[in-house]
Amino acid sequence: MRLGPRPVALVLLLLCAAVAGAGKAEELHYPQGEHRADYDREALLGVQEDVDEYVKLGHEEQQKRLQSIIKKIDSDSDGFLTESELSQWIQMSFKHYAMQEAKQQFVEYDKNNDGTVTWDEYNIQMYDRVIDFDEITALDDAEEESFRQDKKRFERANQDSGPGLSLEEFIAFEHPEEVDYMTEFVIQEALEEHDKNGDGYVSLEEFLGDYRRDPTANEDPEWILVEKDRFVNDYDKDNDGRLDPQELLSWVVPNNQGIAQEEALHLIDEMDLNGDKKLSKEEILENQDLFLTSEATDYGRQLHDDYFYHDEL
C-alpha cells in the first residue's frame, strides 16, 4: 500500500520517521544489540542541526526549557512522568511535526500561491510534468502506475470538490491516517491491494503476499516467521485467522502509538533510579543527556520550538 510520498522530518517515522517502521527503528536504536544514546537524543531533539543548536544554548536556558517541557508532559501535575504521559507526549510530538511538514509541503506544491494545490501542481512537483492516464490503461512505469491510487486519494481528500485542495484537505491527502473522513478510503485501498479473493478480509496467505515456501527448505526464512508472528499476535485480535477491516487498519496505518510506548518504557527503564516505574524531575535532570537524546523531546528539537516549551501550550 502506498499512502503517498512523505519526506520524514521526524525521527521516524514518524515518523522514527518514522517511519521506516518499528523494526527499522529498533535496528537504529540498538545496532548489533548496543544501545545508541544519540538515537534517544535525536528522537527528542530532531536532526543533527537541531542537536547542535541545543548545545549552543546556555546551561540556564537549557534547564529552563527542559523543565518547562517536563511540566507539560506531567499532565496530572503530580510531579512524575508515567509511561502513559510520556507515550502521549511523544505521539503528540509525532503528529505536530507531521502536520508541520505537510504545511511546508503545501507551500512548495502551491505553485501559483492561490491557497490550493491542484492535481496538476501535485504532478509537476512530483514528476516535473503532468501525467495523463485514463481509468483503464495501465502505465508502463510501475511508479507512475501507483500514481493512479494517489489520484483516488487526492479526489477523496477534496471534500468540497473544488479545483484544488485546501491546506486541511492537503493534510488529509498526505496523512489520511490522521483524518476520520479518510479512514474508509485507507481500508478500501488496502483491501484492493491485498484481498485477492474479494471476501472483504486479508488472510495470512494474502498478508504474506507472493511468498512461496521453498520445497527444499526445512523451515520458513526468519523474516516470514517474524511476519507470521505479527499477523497472529499483533493484528488478528479475534484469532479467526484473517484480518477484518478494523484489524487491517492497525496494520496499514503507521503504528506511532507502539513506537511511542516503546520509547517511553525505554526511558523509564534507563532513568528510573528508585524503581517506582515513573520519572521525577530530579531523575530526568540527573539523566538530562539521555532525555535529550530521545523521542520525548524529539531529540532536543522541542527546546527550539516554542510550541512545546512555551507556557501557553
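Buried means under 20% relative accessible area, exposed over 50% and partly exposed in between, for a 1.4 Å probe and protein chains only. The model is predicted, so local features need pLDDT of at least 70 and side-chain atom pairs count only at pLDDT 80 or more, while totals for chains, interfaces and linings use all residues. Residues are numbered from 1 along each chain as its sequence is written, and side-chain values use heavy atoms, with hydrogens and water left out.

**View 1. Salt bridge between Glu-61 and Arg-65 in helix α4 (residues 59–73)**. Arg-65 is buried, with a relative accessible area of 14%, whereas Glu-61 is partly exposed at 27%. Their closest N and O atoms are 2.6 Å apart; a salt bridge is a side-chain nitrogen of Lys or Arg within 4 Å of a carboxyl oxygen of Asp or Glu. The two residues are 4 apart in the helix, about one helical turn. Helices (H or I, at least four residues) and strands (E, at least two) are DSSP runs, numbered from the N terminus. A search of the whole structure finds 7 salt bridges.

View 2. Arg-153 is buried at 0% relative accessible area, and Asp-150 is buried at 0%. Glu-192 is partly exposed at 45%, as is Lys-152 at 32%.

**View 3. Packing of α9 against α12**. The helices pack at an angle of about 90 degrees, with their axes 10 Å apart. Axes are lines fitted to C-alpha atoms, for helices over the stretch in contact, and angles run from 0 to 180 degrees between N-to-C directions. α9 is therefore roughly perpendicular to α12; angles under 35 degrees count as roughly parallel, over 145 as roughly antiparallel, 65 to 115 as roughly perpendicular and the rest as oblique. From α9 the contact takes in Thr-183, Val-186, Ile-187, Ala-190, Leu-191 and His-194, and from α12 Pro-245, Gln-246, Leu-248, Leu-249, Trp-251 and Val-252. Contact means heavy atoms within 4.5 Å.

**View 4. The largest nonpolar core**. This core has 17 residues, and those with the most contacts inside it are Val-202, Phe-207, Leu-243, Leu-248, Trp-251 and Val-252. Two or more residues come from each of α9 (183–194), α10 (204–208), α11 (222–235) and α12 (245–252). A nonpolar core is a set of buried Ala, Val, Leu, Ile, Met, Phe, Trp, Tyr and Cys residues joined through side-chain atoms within 4.5 Å.

**View 5. Glu-206 in helix α10**. Glu-206 is buried but has no salt bridge, and the nearest side chain of opposite charge, Lys-196, is 7.9 Å away. Lys and Arg count as positive and Asp and Glu as negative, with His and the chain ends not counted. Leaving aside neighbours within four places in sequence, Glu-206 is in contact with His-194, Asp-195, Lys-196, Asn-197 and Tyr-201.

**View 6. Gln-125 in helix α6**. Gln-125 is partly exposed, at 26% relative accessible area. Beyond its neighbours within four places in sequence, Gln-125 is in contact with Glu-108, Tyr-109 and Lys-111.
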